[in-house]
Amino acid sequence: MSTGTVRDDITAEAGAPAAQGGLQQGLKRRHMQLIALGGVIGAGLFVGSGVVVRSTGPAAVLSFLAAGALTVLIMRMLAEMTVARPALGSFYAHVREALGLRAGFTVGWLYWYFFVIVVAVEAVAGGRIIQLWLPGVPLWAISLVLMTLLTATNMVSARSYGEFEYWFSSIKVLAIVVFLFLGALYVLGLWPDARGGLGNLTAHGGFAPEGAGAVLAAVVPCIGFFTGAEIVTIAAAESVEPERAVADAIRSIVLRVVAFYVLSIFLVVAVVPWTSKAIEVSPYAAVLDRLAVPAAGTVMNAIVLIAVLSCLNSALYTSSRMLFALTRNGDAPRGFTKVSGGGVPRRALLAGTSVGYLSVIAAWISPDVVFPFLINSYGAIALFVYLAIAVAQVRLRRKLERTEPARLTLKMWLFPWLSWVTIALMALVIGAMAFLPDSRSQFWLSLLTVAVVLAGYELRRRVGGRRQGVSGG
């Protein structure tokens, strides 16, 4: 379906000019800033980071720093392409242009699959938290209610999504800032009854008690915690100032990585011994308990719930926009191209929600087989996508330097050397997943997902070729 045909079916929302493909430019700069911020601060930081600390020791700070640095490099590469060539679907369109139709199809569908599984994972996680307060309500019922509420929010408009994400992210940022302030007071000895100091960094077996290998191995899960920073480039298609919004968001991501991840993990291992089992359960709650903050567990559960709802909100939005972008090039059924009067691809949104519903049902019916399979089948997909983004940047940069050098207003640092280093490091991380016991199953099942998507491309190509042959005859 052509762009003109789609726009004929749309009644533009008042005050929101039409964006690409009939979407509406309803996202303001403040929305974009907090969307980028919310993408980085997920539930993984508040809960999953404890597992990394327990397996690595205080040197987990270095794992987070290395993963953050690699993520910053990937985001800089993506920002260069997005600012130079704003496109519906962001990196899907860039990979398609730079690496070919097969690569674009594969990256687009992998990213869509990644986020529809995230929808289910976050819905189940949110349900488990709420069950702590409503133990008599079944998990599947709570999860479905959460998905229904946030689907309804996304159905209204992009601005509705942006507004919810703005407040969700604001709460997360406030929580981290307060945590950093309280933790700093304790370390400096300014908190009541605080011993202060950095003794816990070396008092229990040294700074890297599990060795350098454990520190490097921990980089793999740490990169997963940063996944989501790229959402801002997808949202750019519905932003009033796409180039400026993306540039500002990506430029400030370095500060976010250092402040929100590295510094907070540093304070965790400085305040609480890394050997404490409480860290594995909830590292931030463990710190608040050490500071004798009243109702620390309840406070952290509430914050984690906000983080989960934020991730769920973004996953619903992102999966729908990627599926919508896939339809623009015939890489997805044309029925998903339909856009509402508010500029929302509702059919694409409902498609992702439906898969999420089915996955939640799988978590209820088969929590030990089907749901773990789904979790493992998407574990490495974001890394595959990041690798494709990095390779596409090198190819597209060369092309732009020849044809449109004036569009390169935000450039990757030290090109091409740093780009190639980033590609090599990302390939090394992906390769490590195949051998590390904790990530081996995720790697191979994610590779199976890639094979299924590639088979889907071949099917699409052959069916499309036959249709063209019939039309030509």
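Predicted model: local features only at pLDDT ≥ 70, side-chain atom pairs only at ≥ 80, totals over all residues.

Ala 36 has its place in helix α2, which covers residues 29–40, and, when residues up to four places away in sequence are not counted, Ala 36 touches Val 232, Ala 249 and Arg 256. Ala 36 counts as buried because its relative accessibility is 5%, where buried means under 20% relative accessible area. The C-alpha atoms of Ala 36 and Arg 460 are separated by 34 Å, the two residues being 424 residues apart along the chain.

## The nonpolar core

The largest nonpolar core has 169 residues, and those with the most contacts inside it are Phe 46 and Phe 91. Helix α6 gives the most to this core, with 19 residues. In soluble globular proteins, nonpolar side chains tend to be buried together.

The surroundings of Phe 46 can be listed in some detail: with its neighbours within four places in sequence left aside, Phe 46 is in contact with Ile 41, Ile 176, Ser 282, Pro 283, Tyr 284, Met 300, Ile 303, Val 304 and Ala 307.

Which side chain of opposite charge is nearest to Glu 122? Glu 122 lies in helix α6, spanning residues 101–133, and is buried yet has no salt bridge, the nearest side chain of opposite charge being that of Lys 172, 9.1 Å away. A salt bridge would need a side-chain nitrogen of Lys or Arg within 4 Å of a carboxyl oxygen of Asp or Glu. Apart from neighbours within four places in sequence, the residues in contact with Glu 122 are Ala 43, Val 308, Cys 311 and Leu 312.

Ser 239 is located in the loop between α11 (231–235) and α12 (242–251). With a relative accessible area of 1%, Ser 239 is buried, and, again not counting residues up to four places away in sequence, Ser 239 touches Gln 25, Leu 27, Met 32 and Ala 245.

## A nonpolar surface patch

Trp 140, Leu 358, Ile 361, Trp 364 and Ile 365 make a nonpolar surface patch of about 560 Å². The largest share of the patch, 4 residues, comes from helix α17, which comprises residues 346–365. Ile 361 lies in this helix, α17, and is classed as partly exposed because its relative accessible area is 36%, a value that falls between the 20% limit for buried residues and the 50% limit for exposed ones.

## Backbone features in loops

Where is the cis peptide bond? A cis peptide bond joins Phe 415 and Pro 416, with omega at about 0 degrees, and Pro 416 lies in the loop between α19 (381–403) and α20 (417–433). Leu 414 also has its place in the loop between α19 and α20, and the phi of Leu 414 is near 50 degrees, a positive value in a residue other than glycine. Leu 414 counts as exposed because its relative accessibility is 64%.

A positive phi, of about 55 degrees, is also found at Ala 295, although Ala 295 is not a glycine. Ala 295 belongs to the loop between α15 (283–290) and α16 (296–328).

Notes
Residues numbered from 1 in each chain as written. Heavy atoms only, no water. Patch = residues over 30% accessible without salt bridge, like charges linked within 9 Å, V, L, I, M, F, W, Y side chains within 5 Å. Areas by Shrake-Rupley, 256 points an atom, 1.4 Å probe, with all protein chains shown as cover. Helix = DSSP H or I, 4+ residues; strand = E, 2+ residues; numbered from the N terminus. Buried < 20%, exposed > 50% of the residue type's maximum accessible area, 1.4 Å probe, protein only. Contact = heavy atoms within 4.5 Å. Lys, Arg positive; Asp, Glu negative; His and termini not counted. Core = buried A, V, L, I, M, F, W, Y, C linked by side-chain atoms within 4.5 Å.
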